[in-house]
Amino acid sequence: MVQPYKHEPFTDFTVEENKKAFEEALKQVKEELGQHHDLLINGERVHTDQHITSINPADTKQVVGTVSKANAELAEKAVQAAADAFEDWRKWDPRARAELLFRAAHIIRRRKHEFSAYLVYEVGKPWKEADADTAEAIDFLEYYARQMIELKEGKPVESRPGEQNRYVYTPTGVAVVIPPWNLAFAIMAGTAVAPLVTGSTVVMKPASNSPVVAAKFVEVLEEAGLPKGVLNFVPGSGGEVGDYLVDHPKTALISFTGSRDVGLRIIKRAAEVKEGQNHIKQVIAEMGGKDTVVVDESANIETAVDAIITSAFGFSGQKCSSGSRVVAHEAVYDEVLEKVKERAEQLTVGNASEENVYMGPVVDKGAYDKIMSYMEIGKEEGRLVTGGKGDDSKGYFIKPTVFADLAPDSRMQQEEIFGPVVCFTKAKNFDEAIDIANNTEYGLTGAVISDDRDHLEKAKYDFHVGNLYFNRSCTGAIVGYQPFGGFKMSGTDSKAGGPDYLALHMQAKTISETF
């Protein structure tokens, strides 16, 4: 009997034993840095002359590792391998597929700090953020395995006398998985195993900023017993490999997490029927956010400040759920702003491998330059309260930054900056605050800090986001507890980590027999 699902506990690094264990993992992984990882196609390792080099964003002289770089020809082989493997994999007992996920989860759990250490080096995640990322990866495997066991017999439907009706789920086919770098382990693992456990086969193109942790995860699935061809690992450029995979007539499903522009481009390309294609491609897309923390006049100020700091500056604001906007009632605006300024100035910024660093680097030079360009826009549109400075001499570090007095339709309050920047706007009343919160093209997460029950009830209906939080931060959704996905241009509202997610990867089939 499978035990009921509970999320993986987070590591308490104030416990000396846990601290030492993580330091040992960091030391171990540091000695492994610089290794090379090849493609995986049809169960065989494939080496290419062209490589993708993964760099530590906290120390740009440190190479985390290299991976072979696929091209269109190798992408074609990967799709063919996945299509061939599908014919057998789809007939596996769903429980057997689920048990493979359980085995993989146990392997990761035994090596938890090792994977977290890779996240520290590869994408600059501080200890707690890295630990939470690894825990979420484990959660996805454990949760989706249990969900598949529940779904294996389908859902009940009615039958009349003399007939038997069944409603079952069938695998889709070849799934193309294109995960992001920001939750480099969790989302990569979750979006890969969801199609796998439902009986589809996968071609995964990992993010170019985090291919090493993806390669390590592929090794775990191999160790757990995944048959050849069921998962194919093809790092490569989005323009060549990504487009080829999306366009391929044998691709049945595309699971993408990333920017709005790339997501819409994928949706458009997937809608075009290619020669030899006899099906409509399904697209699951999570495409970013411009998320707001609303603070009303009844709010507990300390709760508000905690929520804003966590939402805005966790992982340097590099989450699609990051609270980059604050809309505060005019009666509390100045007090909240001043306290956020004080807290932001106390946050530590540095190399994520060091203990007690709250914010590490941003992920690469492109991200650094983009975020710093918004500092000048912010100064033109509003008032710089604190921060606004960066240092890219050794890594890509940016101070936690707060801007105030911004118009609701300003660029700073409309465009996804994806960095440690939070912008304040004043509201005259709660209705206006909700109207401002809704005035972007995104609708992913939001938070309301209030002790007014009427305001919270109103927000339930009028705050148009996929994940709405009361009196807490708007980040940190936990698998099975807060299924995740957004409205509007934030994506297809797929609700990853929720009870409906696996069904999106399958086709429902009705079987009716008359006696």
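This short talk goes through a sheet, a nonpolar core and one serine in a predicted model.

Residues are numbered from 1 along each chain as its sequence is written. Because the model is predicted, local features need pLDDT of at least 70 and side-chain atom pairs count only at pLDDT 80 or more, while totals for chains, interfaces and linings use all residues, and side-chain values use heavy atoms, without hydrogens or water.

Let me start with the sheet, where 7 strands form an open arrangement of mixed pairing in the order E14-E17-E18-E13-E12-E20-E21; strands are DSSP runs of E of at least two residues, helices runs of H or I of at least four, numbered from the N terminus, and two strands pair if DSSP finds at least two bridges between them. Strands E14 (383–386) and E21 (467–470) stand at the edges with a single partner strand each, so one side of each has no neighbour in the sheet.

Turning to the core, a set of buried (under 20% relative accessible area, 1.4 Å probe, protein chains only) Ala, Val, Leu, Ile, Met, Phe, Trp, Tyr and Cys residues joined through side-chain atoms within 4.5 Å, the largest one has 95 residues, and Met 412 is among those that touch the most other members. Helix H5 (residues 127–151) gives the most to this core, with 12 residues.

Finally, where is Ser 410 found? Ser 410 is in the loop between strand E17 (401–404) and strand E18 (421–427), it counts as buried at 6% relative accessibility, and its side chain reaches the backbone oxygen of Ala 407 at 2.8 Å.

How values were computed: Buried < 20%, exposed > 50% of the residue type's maximum accessible area, 1.4 Å probe, protein only. Polar contact = N/O pair within 3.5 Å; in protein donor to acceptor, adjacent residues only side chain to side chain.
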